[in-house]
Every structure is written in C-alpha cells, then in structure tokens.
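Subject: Structure for your review

Dear colleague,

Please find below the structure that I am handing over to you. My notes on it follow directly after.

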Amino acid sequence: MRLKRFAAPFLTSIIVAGCTTPQPVSAPKKTELAALLHAESLYQIPSIDPLFPEENLLAMDAQMRFFVQENVPQVLAPRARLEYLLDALVKPGILGLNYEPGITLNARNTFYQRTGNCLSLSSLFIAMAREAGLDAYYNEVTIPPSWDMIDDNSMAFYQHINAAVDFGDGDIQVVDLSVDVYDYRYPQERITDQRAAAQHYNNRAVEQLNKDNTAEAYRYLRRALYLDPKASHIWGNLGTVFRRDGHQQKAGLAYRQALTLDPKDQVAVNNLGRLYRETGQAEKAEALEQQSLAFKRQNPFWHYGRARQEYEQGNFNAALRAIDRAIALNDQQYQFFLFQAVIHKRLGDMEAAQRSARLAAKLKLGS
C-alpha cells in the first residue's frame, strides 16, 4: 500500500527542495486545538470518546488462528516458520492475498476479503506472524515521492509501510507484500503498533472523505490524532475536512498546526496558502504561494507528476518536456527514464525509447 495524504481540492506536494525557506506560521493555542477535536456538533453526531471508532487492527479470531496452526508447524525454526507463513498467505491455492492500493482494512477483514493495501496486508501478516511466535513489527519506508494526479489542481501523495521480522542479533528480514514499491536501500524505521493504527484511521478517513462523508472522516481523523497527535499530515487532512464543510477558521488552525509540527509539509503549505487567498489575506497567501512555486520548480517529482498528467491527456510533447525537466533535476530515478521511454515510444522515436529504457534498467539493477 501506500499511505494516503488527502489533497483535493488543493495542489499538494511532497519533499521540500533544500533551498526553499519555509514561511513561519503562528502555532495554534492548546485551547484552539482542543476545540478542533471536540467539534462533533458541527457534524450532527453524538459526543464521542477518543477510542471511537475502534477497528482492532491486529485482532485474530479462531479461524485465523487455525489457519496459522494448520500451515505453520511450530516445531520449525523461526526462519522456516516465516517461509511457511508467507507461502500460505500468497499461494492462490491457500489464501492467495491480492494487493489493492485503494483498500484499507484491519487484519481480520483482510484475511476474509483476501485483499488490501500495503498497511492492510502488513497488519494481517504481523498478526499471523506473532501468532506463529515470530517477532514481527511495522516498518515505515521512505520511498521516492509518488504522485497521482487527481485533477488540474490536485495530487495525492503516498507513503509506504511494510513489515519486518527480527530474528535477533541484528538479523532482520523485511516482508513486503505489495507490488514493485519496496527497495532495501530505502531509508526505513520500526514504528509502533499505535503509530500504524493512526495511519490506518487516517486512511479510513480519506476513504470517507472521497465519498463526501465528512462526518465519518472527522471521526476517523479524531481517532488518528488521539493515537498520533504529532502527525502533521493527519492535521492537514483534518483541515481539509473542515474546509470542505466551509469551516474556514478551523481549517486554518488545523493547517497551521500541521506546519507547526512540520514547517516543510508542502501539502499544508499549499492548502493554507489557498485558504488565505480565499479569505482575503493576500500578503500571507503570497508568501506561501512563492514558497510553493519555488518548491515545484525545484522538485523533480512534481515535474514527473505533470508529465504523467500531460501524457494521460494526450499532450505527449508537453509530457516529454516535463519528464526531461525531472531528469535534469534528478537523473538517478529509474522510473523517470522508464516513463521517458514510454513517451518516446508513443511519439514514434524508437531509438530514443530504447536508450531511455536501457538507462532505466541500469539504474534499477545497478544502483
């Protein structure tokens, strides 16, 4: 999977260019933040406690435990148990899990539906690995920035979580059940079950927001922030919920909190800048817009996203210009050259397409 950070209806971005100076924003007061997390009346929902909703991320039932007992002999050594478990999870004749980036589920629902995003698959694996006596945990991976164009003014930014098993004495094996996302060279860190659960509820909120169900999105985000109050992107998503419903003052507070926690959060920069513009705060808007513009010009992944958008709209020459700019800024990303090959092929330049494809293969296999 990839962990979503909701962006629509604003343009979002990701890693900040090194020479872009973040614009300072004033931090919200504690009382203001508390009010954001106790705004049930705005959505005509009953007063809720911080533990609702509860989806029991790693809960197992009897059938799941029997699945582990049947497929993973406890007499085996730990590494052999891991191999047996993975075989049982992915083989079509046994469980046959499928990777689906748009579906966030807890371990139990992933088991029965046999599909889910990277967090869902990791939750199921971790729950079953622990049942098999393995020291399994969530592993957050800093993948190269990935973009999906939503419309002319919107992008979605993704992060990645997989799992790992610790065999002791520094022997750790990463388990990634998604497709063509993980690379062992990417920076990564162990995260707690609680932090992973916060990401789960954040994803569930985005799913509800995409259905225009802002009340449910609010409930999920409130739960996520109870678990991980320092996650800037979750505060940013809360701001989008408020703004979607016309609560501009509360949206601004949430965006400011996101930037207080992470001044380089370009999602919040774009969203807050647009909010300032819409509410007549031109000077503040200008400062954030200039920061955003500088970021976009210097960020190769932004140009990569534009190239994909232009290609999908049939503007192949514009797509080529955008991908060439991305490569000029960063010539170490194999996916840039791979997409450049696709564009060259579409334009009928087979020699250039083959050259780009060779460069992509060299970077992917040899870097």
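N330 lies in the loop that joins α13 (316-329) to α14 (334-346); helices (H or I, at least four residues) and strands (E, at least two) are DSSP runs, numbered from the N terminus. This is a predicted model, in which local features need pLDDT of at least 70 and side-chain atom pairs count only at pLDDT 80 or more, while totals for chains, interfaces and linings use all residues. Residues are numbered from 1 along each chain as its sequence is written, and side-chain values use heavy atoms, with hydrogens and water left out.

With a relative accessible area of 19%, N330 is buried; buried means under 20% relative accessible area, exposed over 50%, and partly exposed in between (1.4 Å probe, protein chains only). Setting aside neighbours within four places in sequence, N330 is in contact (heavy atoms within 4.5 Å) with P300, F301 and F336.

Aromatic pairs

Rings of Phe, Tyr and Trp (its six-membered ring) pair if their centres lie within 6.5 Å; planes under 30 degrees apart count as stacked, over 60 as edge-to-face and the rest as tilted. By this rule there are eleven aromatic pairs. One of them joins F111 and Y112, edge-to-face, at 5.0 Å centre to centre and with 85 degrees between the planes. F111 is buried at 5% relative accessibility, whereas Y112 is partly exposed at 39%.

The ring centres of F301 and F336 are 5.1 Å apart and their planes stand at 65 degrees, so this pair is also edge-to-face. The pair links distant parts of the chain, as F301 belongs to helix α12 (residues 300-312) and F336 to helix α14, 35 residues apart. Both F301 and F336 are buried. They belong to one aromatic cluster together with Y304, Y311, F316 and F339.

A charge sits over a ring if NZ of Lys or CZ of Arg is within 6 Å of the ring centre and within 35 degrees of the ring normal. R308 lies over the face of Y304 in this way, 5.8 Å from the ring centre, and the charged end of R190 sits over the ring of Y137, 3.9 Å from its centre.

In helix α2 (residues 62-71), the buried residues are M64, F67, V68 and N71. Seen down the axis, they fall within an arc of 95 degrees, so they line one face of the helix; the arc is that of the directions from the helix axis to the C-beta atoms. On the other side of α2, A62, Q69 and E70 are exposed. The cover over the buried residues of α2 includes α3 (78-90), α4 (107-113) and α5 (118-131).

Helix α5 is itself mostly covered, with twelve of its 14 residues buried. Its end C-alpha atoms are 20 Å apart, which agrees with the 20 Å that 14 residues should span at 1.5 Å a residue; the expected span is 1.5 Å times one less than the number of residues. N117 caps the N-terminal end of α5, with a side-chain oxygen 3.2 Å from the backbone nitrogen of L119. After α5 comes G133, whose phi is positive, near 85 degrees.

I103 is found in the loop between β2 (98-99) and α4, and is partly exposed at 27% relative accessible area. The C-alpha atoms of I103 and G116 are separated by 4.9 Å, although these residues are 13 apart along the chain. Not counting residues up to four places away in sequence, I103 touches T115, G116, N117, S120 and E207.

Yours sincerely

Terms used: Polar contact = N/O pair within 3.5 Å; in protein donor to acceptor, adjacent residues only side chain to side chain.
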